[in-house]
Every structure is written in structure tokens, then in C-alpha cells.
Amino acid sequence: MALLTPLFAFLYHLPQVYKWLLKPYYVASLFMSIAFLAIRKTPGICDHLATQREDGNSCDFDWREVEILMFLSAIVMMKNRRAITVEQHLGNIILFSKVANVILFFRLDIRMGLLYLTLCIVFLMICKPPLYMGPEYIKYFSDKTIDDELDKDSRVTWIVEFFANWSPECQSFASVYADLSLKYNCSGLKFGKVDIGRYGEVSKKYKVSTSPLSKQLPSLVLFQGGKEVMRRPQVDKKGRAVSWSFTEENIIREFNLNELYQKSKKLNKTKEDKVSESQFPPVPEEDEPEQHGAHAEVVDSESKKDK
């Protein structure tokens with residue numbers, strides 16, 4: 001059963017994975033990830049490679065190469081246990097495959113190792129993972145707009161993501177945050193994002209570190225009435241983030257999104273009622289003046305009889 005679950009999950013997401021793999025970034029990453037395998041197994045090339053196998057077959061893995069691949073496979077499995085999106089799973093596989101290739105190429109030939117390491121560095125500098133471009137109900141802030149928007153209406157609750165485009169964790173979380181905005185966005189509950197990698201002053205004001213060592217990216221902060229109510233991940237006294245998984249279930253539970261959404265819907269309904277009342281004021285009843293007039297005539301006639 002432990003093997004069937006990831007298999008079914010992969011088959012379920014296969015159309016989405018196929019679409020991602022067609023992008024240049026993933027195509028190039030795939031070729032770099034299987035570089036050592038391709039060289040070791042390609043006839044005509046592998047015949048000239050060194051090997052430590054007893055049978056002298058240079059077109060097959062030796063025992064040390066198998067150990068390295070098995071060890072890094074175990075690391076990938078451990079890392080993917082905390083992955084929450086398909087992008088993170090793919091990113092872990094690609095990253096550690098490249099690490100394995102570097103080790104294997106250096107072990108095979110130092111010149112091949114240097115060449116492959118140089119290609120990895122150039123690829124890292126030139127190519128960036130594709131950004132999420134799907135549907136979302138998210139307002140993007142700058143350093144000049146975030147304060148005004150948070151203080152604009154005290155009845156509106158804001159959930160703001162502090163992110164940086166260079167952070168792989170932020171890139172993986174983008175689709176999860178977009179899905180939450182589609183499900184819970186309304187006039188009383190809104191979702192926002194601000195790139196603190198670009199706006200350093202915002203990072204300082206809201207105390208979100210952009211250092212990779214702090215592990216504070218991404219950070220989700222809940223604002224009510226323009227004031228911070230809670231944030232995830234929490235930060236300890238040393239300025240480091242407490243480990244927290246950015247799954248959709250965790251965010252809904254920790255930020256109590258279902259209750260916030262219901263309250264926000266009531267606020268929206270109250271606003272609509274007030275608007276309708278102001279546009280269409282109540283019409284006075286026409287029967288009341290006639291009744292008062294008839295009553296006055298009866299009183300006058302009775303007073304005349306008394307006279």
C-alpha cells in the first residue's frame with residue numbers, strides 16, 4: 001500500500017506533470033539529471049570509460065556508483081515526505097540527481113566533473129523555474145501601497161504572503177496560495193502578496209528576513225484592522241523560523257479560514273443591504289393620511305353635537 005499511494009498520486013497528476021515537463025527549464029533539467037546515466041549506458045561512449053567492476057564491463061554501474069545512487073535516492077524520499085506540491089517533488093528529484101551526477105562525474109574523471117559542475121552553475125545563473133501563471137484572486141503590493149491598503153477598511157481581513165521570486169519554496173507555494181484565494185476571497189477577506197526580495201523596506205518593517213538561513217520564506221501574516229494578528233511560520237528568539245508545513249489543510253486550520261470566510265460573507269451581505277436601502281428608500285403609505293382625515297371629521301361632528 002505504501003508503494004501504491006505515490007503511484008496513484010503520480011498518475012493523478014500525470015497530465016499536469018507532462019505539461020510542466022514540456023517547458024524549457026524542465027527539459028534542460030531532465031537532460032542534466034540523467035547525464036551520467038546516458039554516458040554510462042551509451043554504446044561507443046561507455047566503452048572508453050573507467051570502471052571498477054570485476055568483469056571489466058564499463059557500460060554498467062560498479063558497486064560504488066550503485067551505493068551513491070541508493071544513498072541519494074533515500075535522501076530524495078526523505079525530502080519528498082515534506083513536499084506539498086508536485087513542483088516540490090520534481091524540484092527535489094532534479095536537485096539531488098544533479099548532486100549525484102557531480103559526485104559520479106568527479107569520481108569517474110575530474111575533467112568531466114569540472115565540466116558538469118560548470119554547466120550546473122551556468123544553468124543556475126541563467127535559467128529560473130517557471131513562475132505560476134494560473135488563476136488567482138490576489139492583490140500584489142509594493143512598498144508604497146501595502147500600508148494604505150491594509151489600513152483602508154478596518155472591517156477587511158487581509159492574509160498577506162511575503163515572498164521572493166528566487167526562493168524555490170515560494171515558487172512551489174504559489175499554486176497552493178492561489179487555490180486558497182479562489183476558494184476564500186470575498187469583500188471582507190482578501191489575499192495579498194508582496195515581493196520583499198524587491199522591496200527591502202517592507203522586509204525590515206514587517207520583520208521578515210530574506211536570508212535563506214532564516215527559512216522565513218514564504219511567510220503568511222494575518223492582518224485585521226491593519227494590525228498583525230498571527231503569522232506562520234513563527235520566529236524564535238534567534239530569528240529563525242520554526243518548522244511549519246505550508247499545506248492547504250494546515251493553513252485553513254491555523255488561520256481558521258472557514259470561520260473567517262463565514263464572517264466575511266455576513267459583512268458583505270450587510271454592506272449590500274445598506275446599499276440597497278440607500279438607493280431605494282422606503283415609500284410612505286398613502287392610507288395613513290386618509291385615516292387621520294376621517295378620524296378628524298368624526299371628532300368634529302361629535303364636538304358639534306355636544307354644542
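Biologist: What joins the side chains of Arg64 and Glu67?

Modeller: A polar contact does, at 3.0 Å; the term means a pair of N or O atoms within 3.5 Å, where within protein one must be able to donate a hydrogen and the other to accept it, and residues adjacent in sequence count only if both atoms are side-chain atoms. This is a predicted model, in which local features need pLDDT of at least 70 and side-chain atom pairs pLDDT 80 or more, while totals for chains, interfaces and linings use all residues. Residues are numbered from 1 along each chain as its sequence is written, and side-chain values use heavy atoms, leaving out hydrogens and water.

Biologist: Where is the place of Arg64?

Modeller: Look in helix 5, residues 63-80 (helices are DSSP runs of H or I, at least four residues, and strands are runs of E, at least two, numbered from the N terminus). The C-alpha atom of Arg64 is 9.4 Å from that of Leu104, although 40 residues separate the pair along the chain.

Biologist: Why is Arg64 classed as partly exposed?

Modeller: Because its relative accessible area is 34% (buried is under 20%, exposed over 50%, partly exposed in between, with a 1.4 Å probe and protein chains only). Across the chain's 307 residues, 36% count as buried.

Biologist: And which residues of helix 3 meet helix 6?

Modeller: Tyr26, Ser29, Met32 and Ser33 of helix 3 do. On the helix 6 side, look for Glu87, Ile94, Ser97, Lys98 and Asn101 (contact means heavy atoms within 4.5 Å).

Biologist: How many helices and strands does the chain have?

Modeller: You can trace 13 helices and five strands in the chain.
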